[in-house]
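This report describes a two-part set of topics: the overall make-up of each chain, and then selected local features. The sequence and structure are shown first.

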Amino acid sequence: MPYKALMAIALVVAGISGTAWLLSADNDGEFGWLPSGGQPNLQETSAITGADRGSAAGKAVTQRPTEPSDNALGFMLASVAADYQRSARYPDYSIPLTADQAEAYQGNQYHPVALPLEGDGRFIVTLDKFRFTRGEPILVVASLSGRQVFGDTLSATLESATERDKADSADLHATEDSGYYQGSISSDHEPGEYRLIVEARVDGRPVRHVSSLSIEPDLGNFGGIDSPYVSGNDLVIPVRFDPDHAGYYALSAQLFNGQRALAQLSAEDSMGTGSGTLVLKAHGSVLANQDIQGQLQLRNLQLRQMPERPGDRTHYAFGPDDGYEFSPPDLGDLRDEPAVNTESEQRAALLRQLADKF
Amino acid sequence: MINKNKRCLSKTALSIALAGGLFATTAQAQLAGHNVILVHGFMMENLSQAPANMQEVKQAGEDYWRDYWLNRAEARIDWASNGRVEGTIAQQAYQQLRQISQQGLCNNYCIVVTHSTGDLVTRHLLENQARWLQSEGLQPLKILAVMDLAGAGGGTELANLAVSVAYNDSWYNWPVKQAVRAFTGIDPQPDNLGVVNDLQTNTARNLSVGPTGIPRLRFVGGGSSYGGITKPFIAGTDDGVVPTHSACGATTASGIDSCSNSISLAGKVTGQNGPSGLYYNHYPILMSEGANHSAVKDTQTGNISVPVVNNTVLNGLQIDFASRTYNQRAWWQLWGSGDQYVEVPNSNQTSMSNLLYTTLNN
């Protein structure tokens, strides 16, 4: 009998100890006699180096990559230095793009703006863009959802952000889709920042959804592109633009091959009034080794008249919706070589120097 | 033995880091040998009472950074929040930019440290500074990198709401109004929002947003500000003021939960609603679930920092981080192998800013 009691006590103690061990933060969840592949103590070491815990068990230590520094932030800085080194090989005027970056740098994006209503209701306004060239219609789409009772018609008012003058107004009518309203309002007003006030009746009371947009002056006319040609290690694409006003202009555009974004191109220069040309260049580092089929397209052209002095507004103009399509000249001489970009190279070297400590 | 030595070294490094925090007044005004320039964020006090002159703006700028960075910087760019980025803010900032150029403080490359709206202000300045300075015969500033702490360059939904609240009657949605009041410090009116106008997500993301050759290093918080009343109105996760989509440098204003698709703000290694893309040369470096909007720039400790290890290839080596994670078991997880976390060891014993500063000056 005493032996049974001792056994029972021993079992309880073992059970409590075992549970405590399982709950312990020190428990790595792995039996000690299983091969660990020479793993470091997982509780104490940095999170940022080494080979996979599971797969390492079956691998020889010598097969693992060399572990970087134990300093996690140091590792991140070294990683940035390596990434930046790669991006520094592209000149500022011609950088490669991921699909997401291509969308982001199209410019003139508008993300729907939501206003919460009581409960789970939402009042959302969507525009097709943020900047409107003076005279373009502003298409407004609004949606209302929630348990509230909404009116059949919404009103939209355009108000100057600085003077607060009412510039224009329109009604938004319910569409066939329940809860959606649509209408158009004129942008033929003095360029500047405006507030779009969309008013709905919610449970019989007015609720105003307010967001900002910009009306841009007409900066001039895009006149197409001249024949592209290869010069040095660049594909040169001259873009004609006839500005209405002299100033310093920056042009950006995206080079596509079909649906594939190849590069974001940019150029800037002072321009007088009348006919002018801004020269975009696609560097060999973004074109060589690419499987280019058929025509190339220059899309999402965005011209900015840069602020002459601090405090001035930047003005925007946009190229044709379809962009320009052209047959590329022979690109066989382009080379995938780093561009000469002194400042970026210096930056990359300094970041490398900084990261080498880790 | 090696691990013990590493542990000992990391404890020593941490002690040095903590000492660095204690003796801030004797700190050098450089990061890794480069002069530091500070650009502060939105100051709500400026909306209720506009600064009377530039001296007041400078004083407020000094106070803003006093907690940690003030004595670790060579220069500041201060601006008043009742203005607009493409307006008086650019004018005020340029006066200081000009002085920095004249003093040659960036001849050997500067590091700019921004907080919150300072991200947006800096973006506009960097896009234009070379042309503005050269037109006066001055040397453009050479910038090595920008450290964006809780960067608001992608805007915040709180600013979207503030503009709407300014036009709505008093009965409208009380929790929204309280959140906006907490964020702006005022009862918003159409003409008293200042830089909050620029912080609307669409306005911010259409301002000086072109690709840049200057690397933007992003430091991201995830804690609560204002008792948590703002959180329900910000898309995805946030630090109480700025959404994670902005702080990370994500290419859209869609709500996300982390800068990584595989690591949470808390460091848990698991699938995440991360950014579909990042702006060019934007690099999320550290996240901290516990650090709120202010804590990212000040001396608050107790928050674990998490490295944003999206890129697992370094110097051509494929690095797998799993082996260096630690297993943290929730109290109710009696069985199984536990969740895996990634973190900067001992980072809860220092502030994120001090971690950054001491690492770079190590």
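The text below treats the chains, a sheet, helix packing and individual residues in turn.

**Basis of the description**

The model is predicted, and local features need pLDDT of at least 70, side-chain atom pairs count only at pLDDT 80 or more, while totals for chains, interfaces and linings use all residues. Residues are numbered from 1 along each chain as its sequence is written, and chains are lettered from A and ligands numbered from 1 in the order in which they are written.

**Overall make-up**

Chain A contains six helices and 19 strands, and chain B has 10 helices and 12 strands. Helices (H or I, at least four residues) and strands (E, at least two) are DSSP runs, numbered from the N terminus. In chain A, 38% of the 358 residues count as buried; in chain B, buried residues make up 59% of 362. A residue is buried if 20 or more other C-beta atoms lie within 10 Å of its own, exposed if 12 or fewer, and partly exposed in between, with C-beta atoms placed from the backbone.

Contacts require C-beta atoms, placed from the backbone, to lie within 7 Å. Among contacts in chain A between residues at least 6 apart in sequence, 64% link residues at least 24 apart. For chain B, residues 24 or more positions apart account for 72% of the contacts with a separation of 6 or more.

**The sheet of chain A**

Nine strands of chain A form an open sheet with mixed pairing, in the order β2-β3-β5-β8-β7-β6-β9-β10-β4. Its edge strands are β2 (113-116) and β4 (131-133) of chain A, each of which pairs on one side only. From one strand to the next the twist averages 25°. Pairing here requires that DSSP finds at least two bridges between two strands. Strands of a sheet pair through backbone hydrogen bonds, either parallel or antiparallel. Strands β3 (residues 122-127) and β5 (residues 137-145) of chain A run antiparallel and are joined by six bridges. Within this pair, Ile124(A) has Ser143(A) in β5(A) as its bridge partner.

Axes are lines fitted to C-alpha atoms, for helices over the stretch in contact, and angles run from 0 to 180 degrees between N-to-C directions.

| Helix pair | Angle | Axis separation |
|---|---|---|
| α4 (residues 85-103) and α5 (residues 118-134) of chain B | about 60° | 10 Å apart |
| α6 and α7 (residues 174-184) of chain B | roughly 110° | within 9 Å |

By these angles, α6(B) is roughly perpendicular to α7(B), and α4(B) and α5(B) are oblique to each other. Angles under 35 degrees count as roughly parallel, over 145 as roughly antiparallel, 65 to 115 as roughly perpendicular and the rest as oblique. The crossing of α4(B) and α5(B) is right-handed, whereas α6(B) passes α7(B) in a left-handed crossing. A crossing is left-handed if the near helix is turned anticlockwise from the far one by less than a right angle, and right-handed if clockwise.

In the second, Leu158(B), Leu161(B), Ala162(B) and Val165(B) of α6(B) meet Val176(B), Lys177(B), Ala179(B), Val180(B), Phe183(B) and Thr184(B) of α7(B). The contact of α6(B) with α7(B) has eight nonpolar, one polar and one charged residues. Ala, Val, Leu, Ile, Met, Phe, Trp, Tyr, Cys and Pro count as nonpolar, Asp, Glu, Lys and Arg as charged, and the others, Gly among them, as polar.

**Individual residues and a covered helix**

Gln92(B) is located in helix α4 of chain B and is buried, with 23 other C-beta atoms within 10 Å. Leaving aside residues up to four places away in sequence, Gln92(B) touches Met54(B), Val57(B), Trp79(B) and Ala80(B).

Tyr109(B), in the loop between α4 and β4 (110-115) of chain B, has a positive phi of about 65° although it is not a glycine. Tyr109(B) is partly exposed, with 18 other C-beta atoms within 10 Å. Ala150(B), also not a glycine, has a positive phi of about 50° and is buried, with 30 other C-beta atoms within 10 Å.

Helix α10 (residues 352-360) of chain B is mostly covered, nine of its nine residues being buried.

How values were computed: Two residues are in contact if their C-beta atoms, placed from the backbone, lie within 7 Å.
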